[in-house]
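Have the viewer open and follow along.

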Amino acid sequence: MLLLGCIKEVSEYELVISLPNGLSGFVPVTQISDAYSKMLSKEVAQGELLEDLNSLLDMYSPGTLVRCIVTSVEKRADGRRSIKLSIDPKKVNKGLNTSSLASGMLLSGSVSSVEDHGYLIDIGVSGTHAFLPRQKAQNYIKALKRGPDLKIGQNLNCIIVEVKNEGRVVRLSVDRSEVAASLATERQNWTFSNLLPGLVVKARVQKVAPLGMKLSFLSSFTGIVDFMHMDPEKSMNYSPDQVMKACILSIHPTSKVVRLTLRQAFLQPGGSPNQLSSDRMGAVVEESTVKAFYKQFGAIFELDDGTLGFARLKHLSKNRKSLKPVAFKAGCKHKCRIIDYSLMDEMCIVSLKYQVIEARFLQYQDIHTGDVVQGKVFALKPIGMQVKVADGIKGLVPLMHLADVILKQPEKKYNIGDEVRCRVLECNPEGRKLILTLKKSLVQSKLPVLSSYEDAKPGVITHGFVVCAREFGCIVKFYNDVKGLVPKNELNPEPISCPDKVFHEGQVVKVMVLKCEPQQERLLLSFRLSSKSAPEDKKECSLKKKQEVKYQIGEMVDVKVLKKKDNGLEVSILEDEGKVIASIPTVHLSDFVATCKLLWHCLQEGDVLPRVMCLSDKGEHIILSRKSAVISAVQEEQVVRSFSEIQPGMLLTGYVRNVMPFGVFVEFPFGVTGLAPKVSMSDKFVTDTKDHFEVGQTVIAKVMSIDEEKQRVLLNLKVSECSSGDSAAESFALLNQYFKEMKEIRNLLRRKGEPSMARDLCELVPGKELQLVVQDMKEDGSALFSGSCVTGLTVTATRYHLGDKNLVPGEKTKALVLHVDALTSKVYVSLREELLKQRAKQVCVHGSQRTPSTLPSCST
């Protein structure tokens, strides 16, 4: 069976391919092309790396469309089916021969050789020599940004430019504009035996049904478009005899069924389907609306952000018997969780199952080194035991880690299906690799997790396990393959002549870090623990130290609100089962000062805040922050960790610590502070510094100069100086973040059942049209309004936003919401005709509303 697929993940040994209808398949490294397989075999035979052999990671990227052929479908031990695929042109294009090749044909090819004037391309047709001139590949290579040349094994979307000598010589092009304009026609003599997925054709509607449509194309072919591949914008407007573009998705050789798609992303060869933002994967949607229910397949939902989601029948309820179709009528609302994304269907895959919604882990990216996880014994193998942590997530417990002692017969202790509690030793999401331990001493340890050499500070006491005992001492391993040496003199207060007789492989030990050199990955340890270290039973004394070690600056945690205080929120960190108390100052609830106060008002005890960043480990409690700009700066390493790292000209994201008459003090993550003098605060003349900045406000600052002797940093906060280049993009990104947080606040107000005035404020979003009555005209030319939809609120429009209208009190008029100040219950509106006509396209922030210095107002 031939299919069009989209690369979802790339690893060293395989490509994960998204297939139509939410399926996934795998292309092993041996199924790329003949030339690539020969190079792999040569490398294995020689036992050394070949210079011309590139890894799959160097050649392939997620989001790329590829033509595949199914090579096998295997049933795995967990009952699921594994689809093995090939993108080898000899298999994909096996229906083509020299006589069937024609100018304008679009097909798959693979680079087999790099020549002086171009490339030899394997198009899978025996007896045909296909050549791609270098000038026909230049634009493609530049757009790809993967070096100056194409690589052997690289899969290409080729268009035939010229056919010579009855098909024995073919000249190709991969120019993006030529490929994008490609359209399969009758003149190219396509037959069912050589028809290829990915071809764009002109099709005519033959029949429209509830679950799809039947189309005719290329004169003699018919195909099916199922409900998931109709254009969502036009799905209700298709009619017989209508002509449109369609793309071939799959061709079944035995049933002779051809499936097509009408989705826009596929109607231009070489295009790429839309992808899901990483923060949406695993998200729980409180209210998703049923768009359609198909009793044989599942249901389509509209999610809270307007995107579509599909739930298979098995994910609509606990089991088939408990499924009630009446609960899935159009318009019904359900809680669901995004569990996957189908690139080929451009649709989220969701589940309504309670156990899935409440699941702690959905993908390898959710698991972190040191996490304690529950799992089920899946299989016992010679190398260890496989444990199923969640659907699609399996881990390996090596033989050494099945217990505190080495088990000679693990099958006597463990049975398939047993529940086990493990700890994560190593997690590599890209390679889908998860290594676990069942050693109770490690699973139950309350000491810090040592998962990087940077964590190994002198004096830290932690648990590890012995991997080697020799006459020179012991090598002890920790998490993420971090290891260190315990020299012979640090094994015991009394000399040990033969360490291998005292210590054994796999033994859990408690060690203290003596010295660490992170860059050289060298770690010196000791079994001789300092007597000054706090005893384990004195929890109260050691709590602060543990917190400082465990929660480093920049670490992301989920928290639960315990108490609201005047200056912020007291929270508990869920990752530590709520035992660690922290605080989020009010000014750190958002990048926007006004939003901070609103969020503090809306949040209640018991609310959970995901992905909050540790900002400081000083003082009585850990200090946390929800400032998106600050979090992004730390995660993207656009920060300085000490004064010595600061350089003039740097752009740093921070927050206002103090506003003084002579300037503004700005603090950055990791505690570095600088001063922006009055003259460098704004592009406008500054009379009073408090008119321009507030404490806690997020800012982008440019380093002007540093004084190493006095450890002082002078900053510039002028908007004209603090842009990294694309100021419009930066402003719109901040504006988008502001609206996102306002949406969160509106949802909180609705959920908490706030009084009617607060609910009215929730509904007054920028761009909404209102019916108002003129209440009063002011001396400055502005106007006040009233109306049933704005009872108790102050609604005003400046003279500019009245346009050319001459209003009188009592007159009825239409107005457009520009901005809502929820704290003061003020609503700013506009009566200008050009805005009213384009309200769905344009959102503007009122110029008089004071905004953060990095978020310019949109004055009209």
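Where is the place of His315? His315 sits in the loop between strand 18 (308-312) and strand 19 (333-342).

## Ground rules

This is a predicted model, where local features need pLDDT of at least 70 and side-chain atom pairs count only at pLDDT 80 or more, while totals for chains, interfaces and linings use all residues. Residues are numbered from 1 along each chain as its sequence is written, and side-chain values use heavy atoms, with hydrogens and water left out.

Helices (H or I, at least four residues) and strands (E, at least two) are DSSP runs, numbered from the N terminus.

## A buried loop residue

Back to His315, which counts as buried at 12% relative accessibility. The scale runs like this: buried is under 20% relative accessible area, exposed is over 50%, and partly exposed is in between (1.4 Å probe, protein chains only). Leaving aside neighbours within four places in sequence, His315 is in contact with Ile339, Val350, Ser351, Leu352, Lys353 and Val356. Contact here means heavy atoms within 4.5 Å.

Lys145 has a positive phi of about 55° although it is not a glycine. Lys145 belongs to the loop between helix 4 and strand 9, and is exposed, with a relative accessible area of 74%. Glu166 also has a positive phi of about 55° without being a glycine. You'll find Glu166 in the loop between strand 9 and strand 10 (169-173), exposed at a relative accessible area of 67%.

Asn97 is in the loop between helix 3 (89-92) and strand 6, and is partly exposed, with a relative accessible area of 37%. The side chains of Asn97 and Ser99 are joined by a polar contact of 2.7 Å. (A polar contact is a pair of N or O atoms within 3.5 Å; within protein, one must be able to donate a hydrogen and the other to accept it, and residues adjacent in sequence count only if both atoms are side-chain atoms.) C-alpha to C-alpha, Asn97 and Gly127 are 8.4 Å apart in space, and 30 residues apart in sequence.

## The second largest pocket

How many residues line the second largest pocket? The lining has 32 residues, of which Thr64, Leu65, Tyr140, Arg176 and Gly270 lie nearest its centre. Two or more lining residues come from each of strand 4 (65-75), strand 6 (106-114), helix 4 (138-144), strand 9 (155-164) and helix 5 (176-180). About 630 Å³ of space lies in this pocket.

By type, the pocket lining divides into 17 nonpolar, 12 polar and 3 charged residues.

As for the terms, the work is done on a 1 Å grid over the protein atoms alone: a cavity is a set of points where a 1.4 Å probe fits but cannot get out, a pocket is an open set with protein on both sides within 12 Å along at least five of seven lines, and lining residues have an atom within 4 Å of a point. Grid points are joined across faces, edges and corners, and a volume is the space filled by probe spheres set on the points.

## Cavities

The structure holds 7 cavities of 30 Å³ or more. The second largest cavity has a volume of about 50 Å³. Its lining has 10 residues, with Ala594, Tyr738, Val820, Asp821 and Ala822 nearest the centre. Helix 10 (593-602), helix 12 (727-752) and strand 44 (812-821) are the elements that give two or more residues to this cavity lining, which divides into 6 nonpolar, 3 polar and 1 charged.

## Nonpolar cores

In the largest nonpolar core, with 51 residues, Ile121, Leu132, Leu150, Leu156, Leu172, Leu195 and Phe217 touch the most other members. A nonpolar core is a set of buried Ala, Val, Leu, Ile, Met, Phe, Trp, Tyr and Cys residues joined through side-chain atoms within 4.5 Å. Beyond neighbours within four places in sequence, Leu150 is in contact with Val111, Val114, Tyr119, Leu132, Ala137, Tyr140, Ile141 and Leu156. Another core, of 28 residues, lies apart from it, and includes Leu450, Val466, Tyr479 and Val509.

How values were computed: Ala, Val, Leu, Ile, Met, Phe, Trp, Tyr, Cys and Pro count as nonpolar, Asp, Glu, Lys and Arg as charged, and the others, Gly among them, as polar.
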